[in-house]
Amino acid sequence: MTGQQFSTKERILGAAEELFAQHGFSGTSLRQVTSRADVNIAAVNYHFGSKENLVNEVFRRRMDVMSGHRLDRLRLALAERPGDLEAILAAFVEPALDLAQDRHGGAFIRVIARAYAEKNEGLRKFLSDQYGHVQREFARALAACLPHLDKEQLYWRLDFLGGALTYAMADFGLIKRPAGVTEAAHRRHAAQELIRFSAAGFKA
């Protein structure tokens with residue numbers, strides 16, 4: 001891929017992410033994307049083929065990195081701290097909050113919220129097909145620590161953790177970053193509190 005191709009593709013993805021965050025998937029047209037990215041419609045068709053694929057690729061760009069970090073952290077936790085529930089939860093929670101802290105992460109978090117709100121079935125299938133294995137890896141690791149939970153209970157609690165994590169990533173809760181505390185420190189504290197809270201919920 002040439003530098004120009006890379007630049008064009010990244011510009012389209014960046015523009016789409018911002019617009020999807022602002023207006024949702026159904027509320028954003030390809031014309032708006034091309035205008036924001038300063039490209040023509042042929043460039044979108046060349047790189048993505050359809051709006052649905054463009055939506056998927058906006059997610060892939062962020063989710064591939066986050067999922068890779070999660071799995072790396074999980075393998076490390078299982079090797080170095082076997083049976084440690086909080087270490088497994090940290091491997092799931094902390095890479096997501098790291099993404100939220102990234103200077104480009106804010107728009108993507110709003111895109112995630114749009115995905116929940118709009119109930120885009122095509123996107124849900126894409127995310128399940130592409131990243132369901134990550135959820136299953138964590139479910140297996142958690143099940144080994146929590147033999148008292150049946151599979152349905154385990155997945156309910158994983159679902160609740162995902163919802164709480166999305167809320168924490170969005171940072172619109174009651175706890176605001178205090179003056180004099182860095183964003184990184186605030187996120188670390190949020191991660192610690194969520195991990196403790198989730199561990200108690202999984203053990204219940």
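Trainee: Which handedness does the crossing of α8 and α9 have?
Mentor: α8 passes α9 in a right-handed crossing, meaning the near helix is turned clockwise from the far one by less than a right angle. Keep in mind that this is a predicted model, where local features need pLDDT of at least 70, side-chain atom pairs count only at pLDDT 80 or more, and totals for chains, interfaces and linings use all residues. Residues are numbered from 1 along each chain as its sequence is written, and side-chain values use heavy atoms, without hydrogens and water.
Trainee: What angle do α8 and α9 pack at?
Mentor: About 160°, with the axes 11 Å apart. α8 covers residues 151-170 and α9 covers 183-203. The two are therefore roughly antiparallel (angle over 145 degrees).
Trainee: Which residues make the contact?
Mentor: Contact means heavy atoms within 4.5 Å. From α8 there are L154, R157, L158, L161, A164, L165, A168 and M169. α9 brings R187, L194, S198, G201, F202 and K203.
Trainee: How many are nonpolar, polar and charged?
Mentor: The contact has 9 nonpolar, 2 polar and 3 charged residues. Gly counts as polar there.
Trainee: New topic. Is N56 buried or exposed?
Mentor: N56 is buried, at 8% relative accessible area (buried is under 20%, with a 1.4 Å probe and protein chains only). N56 sits in helix α4, residues 51-80. Leaving aside neighbours within four places in sequence, N56 contacts L123 and F126.
Trainee: And where is N120?
Mentor: In the loop between α6 (105-118) and α7 (121-145).
Trainee: What does N120 touch?
Mentor: F25 and A115, leaving aside neighbours within four places in sequence.

Technical notes: Axes fitted to C-alpha atoms, helices over the stretch in contact; angles between N-to-C directions. Helix = DSSP H or I, 4+ residues; strand = E, 2+ residues; numbered from the N terminus. Parallel < 35°, antiparallel > 145°, perpendicular 65-115°, else oblique. Buried < 20%, exposed > 50% of the residue type's maximum accessible area, 1.4 Å probe, protein only.
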